[in-house]
Each structure stands twice: as C-alpha cells, then as structure tokens.
Amino acid sequence: MASPESVDTLVEAHQGELLRFATSLLNDAHLAQDAVQQAFIKLVSRRAVDNPRAWLYRVVRNDCLNQLRKNRRMTVVETMPENPDACVADAGAELAAADDRALVLQALDRLRDSWKEVVLLKFRERLSYREIAEVTGHSVSHVGVILYQALAEMRRECRREWEGIE
C-alpha cells in the first residue's frame, strides 16, 4: 500500500498533466477530475508500482476510454498558447502562425484515434516512448512506428492544404 506522503508527492507532481490528458480525451473537466481522482484512489490500494507516472496515465486512459464507450464519442481538446502575441513579433506573422497552428490541429484531428493519442502523449504530455508503451499497451518500437506514421500523415495533410490540394 502506498504511503500517504508518497501519494501526496505524486498528486502534486502529476495531477495537472493527468487532468489535461483526461480532459483532452473526454472534453469534460468534471468527468476528467473524476477519472484522475479514481486513479489516485486506486494507487493508494496498490502494493507497488514500478513507474507510477505511466501507471497513472494508463489508469486514467482506461477510465476515460470506458466513459467514452458509454457515450460513444471521442474528441480532442487542444489549447492554444495563452498569449500568442508573445510568440510572434508582428501581426502578419501572428496570423500566419495562427493559421499554421490551426492547420496542424486540423491534421491532428484527422488522425485515427489511436495515432492521435500517441502523438498527444508524446508532444503535449511529454511522455517517453517507454511510458507511452506502458500507457497504451503497445511495444516501445510500435510507439515509434505509430509516431513516424502519424507525423508523416500530418505532414501530408498540411502539405495538401498549403498547396491547395483537397
């Protein structure tokens, strides 16, 4: 059984990222909070977990997928930077950057759900290939293949849009 101190430390370290991940899967902050809370409750009753971060992501993911199966919907919520003006110097560049972000998000949204999940875990949640493998149940090498294929597909989608090819 995990000690209260170690659970508190894990809550502090990972609650925010787990909430963001769950919200991106469920598109509902309240359901996301429930999923994350349930994961930490399950952690308390576990004897030992080798990689608590990956284990928590997997438990949250499974809870979210179960909820989605009930509702038969899966959407991804992406957040734009809080202050895009700080990212870009002039209005023209800002508009171009916003268009590029929108294009990338559109390409991401067109990916099959399993690829989208791996891309989000890697680039938004910053999980390692090993952690993604533990969360999704894929092998580490398969995670690499999925990322390669997903990014290639996103590149093709963006290129089609930039060149005006539908």
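**Exercise 1. Surface and fold**

How much accessible surface does the protein chain have, and what percentage of it belongs to carbon and sulfur atoms?

Step 1. Note the basis. This is a predicted model, where local features need pLDDT of at least 70, side-chain atom pairs count only at pLDDT 80 or more, and totals for chains, interfaces and linings use all residues. Residues are numbered from 1 along each chain as its sequence is written, and side-chain values use heavy atoms, without hydrogens and water.

Step 2. Take the area. The accessible surface comes to about 9,900 Å² (Shrake-Rupley method, 1.4 Å probe; for residues, only the protein chains shown count as cover). Carbon and sulfur atoms hold 51% of this surface.

Step 3. Of the 166 residues, 35% are buried (under 20% relative accessible area; exposed is over 50%, partly exposed in between; 1.4 Å probe, protein chains only).

Step 4. Read the elements. The chain has eight helices and zero strands (DSSP runs numbered from the N terminus: helices are H or I, at least four residues; strands are E, at least two).

Step 5. Check the contacts. Among contacts between residues at least 6 apart in sequence, 66% join residues at least 24 apart (contact: heavy atoms within 4.5 Å).

**Exercise 2. Helix α2**

Step 1. List the buried residues of α2: A32, A35, V36, A39, F40 and L43.

Step 2. Turn to the opposite face. The exposed residues H30 and S45 are carried there.

**Exercise 3. R112**

Step 1. R112 and A150 are 38 residues apart in sequence. Their C-alpha atoms are 8.7 Å apart in space.

**Exercise 4. Cysteines**

How many disulfides does the structure hold?

Step 1. The count is zero (disulfide: a pair of cysteine sulfur atoms within 2.5 Å).

Step 2. Check burial. C64 has 0% relative accessibility and counts as buried. C158, at 5%, also counts as buried.
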